[in-house]
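Take a look at the model below. The report that follows goes through its charged pairs, its domains and its chain contact.

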There are 2 protein chains.
Amino acid sequence: MTDFEKTRSLFYLPEGVIYLDGNSLGPLPLAARERVTRLMTDEWGQLLIKGWNKAGWMTMPRRIGDRVAKLVGAAEGTVVMGDTLSIKVYQALASALELVPERKVVLSDSGNFPSDLYMAQGLIGSLGKGHELKIVEPEEVDAAIDETVAVVMLTEVDYRTGRLHDMKALTEKAHAAGAITVWDLAHTAGALPVDLSGADADLAIGCTYKYLNGGPGAPAFIYVAPRHADKLRPALSGWLGHEQPFAFDLGYRPGSGIDRMRVGTPPIIGLAALDAALDAWDGVDMADLRRQSIKLCDLFVAEVEKRCPMLNLGSPRDGTKRGSQISFLHDEGYAIMQALIARGVIGDFRAPNAIRFGFTPLYIGEAEVLGAVDILEDIMTNRLWDTAEYRQRALVT
Amino acid sequence: MTDFEKTRSLFYLPEGVIYLDGNSLGPLPLAARERVTRLMTDEWGQLLIKGWNKAGWMTMPRRIGDRVAKLVGAAEGTVVMGDTLSIKVYQALASALELVPERKVVLSDSGNFPSDLYMAQGLIGSLGKGHELKIVEPEEVDAAIDETVAVVMLTEVDYRTGRLHDMKALTEKAHAAGAITVWDLAHTAGALPVDLSGADADLAIGCTYKYLNGGPGAPAFIYVAPRHADKLRPALSGWLGHEQPFAFDLGYRPGSGIDRMRVGTPPIIGLAALDAALDAWDGVDMADLRRQSIKLCDLFVAEVEKRCPMLNLGSPRDGTKRGSQISFLHDEGYAIMQALIARGVIGDFRAPNAIRFGFTPLYIGEAEVLGAVDILEDIMTNRLWDTAEYRQRALVT
């Protein structure tokens, strides 16, 4: 059994706060703070440029990629870190489209994170080859996969509702239709068991600042199935994806396998924080995590529905059909979330009307769930959200 | 007069080291270490997700962009931070090409940093519209600018030789021919005065881990001239470049001006380190810096030529024609540099035969220059480099 008391002790959690937003930004792992201090002082400070070799900076994207691979059911040597998730979407989609050059449809759904859709739109605009981004409702994806589709590009867990796609079934359907899949694991990695190998996924991407607790703006990752890795042409063909970066040739020659998905000089401070953050997963059984996550989510849903009838569930009721987050819908969702935050219950708001709560067994237990519902009930019953102050929108929601 | 004793006190410089590689990775600014500790503890740790608003994380790319703008002669609101330099090359070139859709030539030179060339090759491969990357010798760029050229894409200071292009003259020539310019300032920003506005440059990009001391893999920057900023179509159209990122619309609408060059979630820890590192520039007069840089470089050249006649100067002799670095050429350059590093003189090696030294007046003075030459003379005169150990290549050179 996973020891969640132990994992909890690895994080800094401020006094008086119930943090239900680890699906947006994980809290500070104590080890990350230490690791970054060591990086600044002993590595950058002392080793200077020699850190690239002596502190292993240059190999961090692959080494940490292997650690992430274990959490998403990928083999060693199939994941590499770098850039932002948006860039990784572009990189994955650009290469994927070239695997199916005769087809023009990128199929996605309205539950995909908007930036994924925007990056696809930007790429399609640059290519100017008549590609079309077809956006259907999440429930219609399966039926929309046909032999016109080049790439099925989906986020496995819907950022707004938590609805979980069936990666294995949709990948199978896509392959039967001759399409390539690009899976965004932003709300999946570290939230539930993922089996990229078992699902036979083609490409996958994800971020590490949510359930993987890598810190604000932590580096993203990309997975390429071994069968494609040496065939893909990298659109973002940077020097660190070159076969011999330090030969400084004038012509690009892709490195072998996943290495060619590296682009520029990696963000070492961010990678160091992430590396230490991943220590929290040592000894965590993903099946235990999933069981506990569903238990916490179910408890939250049951209590809120009982005590706050004016809120409507915006997530699937069946725990196996969703990620590790719960949304409730209310027209005044923004103000309600501000009132919650003022009382120390931190979730977030997603336009137009969802208040969103993440449940992260590594550091959240039943006591926090019940404590959060107590405060939510007070706010809803007594309309404490109903002030001009709480309706005032901030830049980031 | 700039107080270089004061600026020097702002950096951590290890005992027994003469650091002549600030052109590759600047040393640790003490303020960066403090700032990152504060970020980890007081912001990420205490504020959690609220840091995006309350600690101003979301606006850092623009705020820090404005600080960098001052160092490269750009107006407020024309520079934004993010991604790696390679990604910024791609982003700049993709948008630039669309400004001149009827032309197909990207003109660059063999002194450009290879990753810039690789990214152009990758983009051209994706577009599949018959674009050509034309690579000429640095001295031939001027003559090669004609009315077939869509974009002149150059690194102002040659990473290997330090040769400095005449940005103003080449930009003028490019404009007369109807071409757009993309200037890479990797070896310029913080090394010498730059005047993007005065040179009428179209787009520029650069990194911040060299002369700007932002740390290993620090975020890059992009500049867009105000006349283009609202016209460019962003190829890398991520959510943070959207007009309203938190509206979560399904369709991309570019933000106004330089904002549309933002892509994904910014790397906050790296940005915090950079922000603090830039404090070192408060009170620095770039003309003083340039004068001191030329003085140090000239001294180094004169002493090395006098005392190490077996080394051939690989940089322009005229200080006004080069950046803030000096290369000497020798077939055994790699081993020579290893011998130097073993004796505490840190420069680097660039294939095939250049040993490269950066001169950074913020923290390097005449004493270091003379001390480095003493050791170099000993190594050369007594062939101390001539061992199997020093010929053994590391991953990063």
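## A salt bridge across the sequence

Arg8(A) has a relative accessibility of 26%, so Arg8(A) counts as partly exposed. Keep in mind that this is a predicted model. Arg8(A) has a charged partner, Glu368(A). Their side chains meet in a salt bridge, with a distance of 2.2 Å from N to O.

Where do Arg8(A) and Glu368(A) lie? Arg8(A) is in helix α1 of chain A, which covers residues 4-8. Glu368(A) is in helix α14 of chain A, residues 366-381. The pair therefore ties together parts that are 360 residues apart in sequence. Glu368(A) counts as buried, because its relative accessibility of 14% is under 20%.

## Two further pairs in chain A

Lys173(A) and Asp142(A) also meet through their side chains in a salt bridge. Here the N to O distance is 3.2 Å. Lys173(A) sits in helix α8 of chain A (residues 167-176), and Asp142(A) sits in helix α7 of chain A (residues 141-144). The two are 31 residues apart, and the pair links distant parts of the chain. Are these residues buried or partly exposed? Lys173(A) is partly exposed at 30% relative accessibility. Asp142(A) is partly exposed too, at 37%.

Glu303(A) and Arg307(A) form a salt bridge within one helix. The N to O distance is 2.8 Å. Both residues lie in helix α12 of chain A, which covers residues 286-307. They are 4 residues apart, about one turn of the helix. Glu303(A) is buried, with a relative accessible area of 13%. Arg307(A) is buried as well, at 18%. Both values count as buried because the cut-off is under 20%.

## A network and a total

Salt bridges can also link up. Which residues of chain A are linked in a network of salt bridges? The members are Arg63(A), Arg67(A), Asp275(A), Asp279(A) and Asp282(A). Over all chains, the structure holds 64 salt bridges.

## Two domains in chain A

Chain A is divided into two parts. Domain 1 spans residues 32-281, and domain 2 spans residues 285-391. Their C-alpha centres lie 30 Å apart. In the contact between them, 18 residues of domain 1 of chain A touch 22 residues of domain 2 of chain A.

The area buried between these two domains is about 1,500 Å². Carbon and sulfur atoms give 60% of that area. On the domain 1 side of chain A, the residues touching domain 2 are 10 nonpolar, 5 polar and 3 charged. How many salt bridges cross the interface of these domains? The rule finds 0. For polar contact, the rule finds 9 residue pairs across this interface.

## Where the chains meet

Now turn to the contact between chain B and chain A. Chain B supplies 89 residues, and chain A supplies 89 residues. The area buried between chain B and chain A is about 7,400 Å². Carbon and sulfur atoms give 68% of that area. Which residues of chain B lose the most area to chain A? They are Trp44(B), Tyr118(B) and Phe248(B). Together these three account for 11% of what the chain B side buries.

Across the interface of chain B and chain A, the rule finds 0 salt bridges. The rule does find 35 residue pairs in polar contact there. Several helices of chain B each supply at least two residues to the side that touches chain A. They are α2 (30-47), α3 (51-54), α5 (85-99), α6 (114-127) and α11 (268-277). Helix α6(B) gives the most, with 11 residues. By class, the chain B side divides into 51 nonpolar, 28 polar and 10 charged residues.

## A buried aspartate in chain B

Asp288(B) has its place in helix α12 of chain B, residues 286-307. Is Asp288(B) buried or exposed? Asp288(B) is buried, because its relative accessible area is 7%, under the 20% cut-off. Leaving aside its neighbours within four places in sequence, Asp288(B) is in contact with Met1(B), Thr2(B) and Phe4(B).

Key: Residues numbered from 1 in each chain as written. Chains lettered and ligands numbered in written order. Predicted model: local features only at pLDDT ≥ 70, side-chain atom pairs only at ≥ 80, totals over all residues. Heavy atoms only, no water. Buried < 20%, exposed > 50% of the residue type's maximum accessible area, 1.4 Å probe, protein only. Contact = heavy atoms within 4.5 Å. Domains from an automatic or database assignment. Buried area = accessible area lost by both parts, 1.4 Å probe. Salt bridge = Lys/Arg side-chain N within 4 Å of Asp/Glu carboxyl O. Polar contact = N/O pair within 3.5 Å; in protein donor to acceptor, adjacent residues only side chain to side chain. Nonpolar A, V, L, I, M, F, W, Y, C, P; charged D, E, K, R; others polar.
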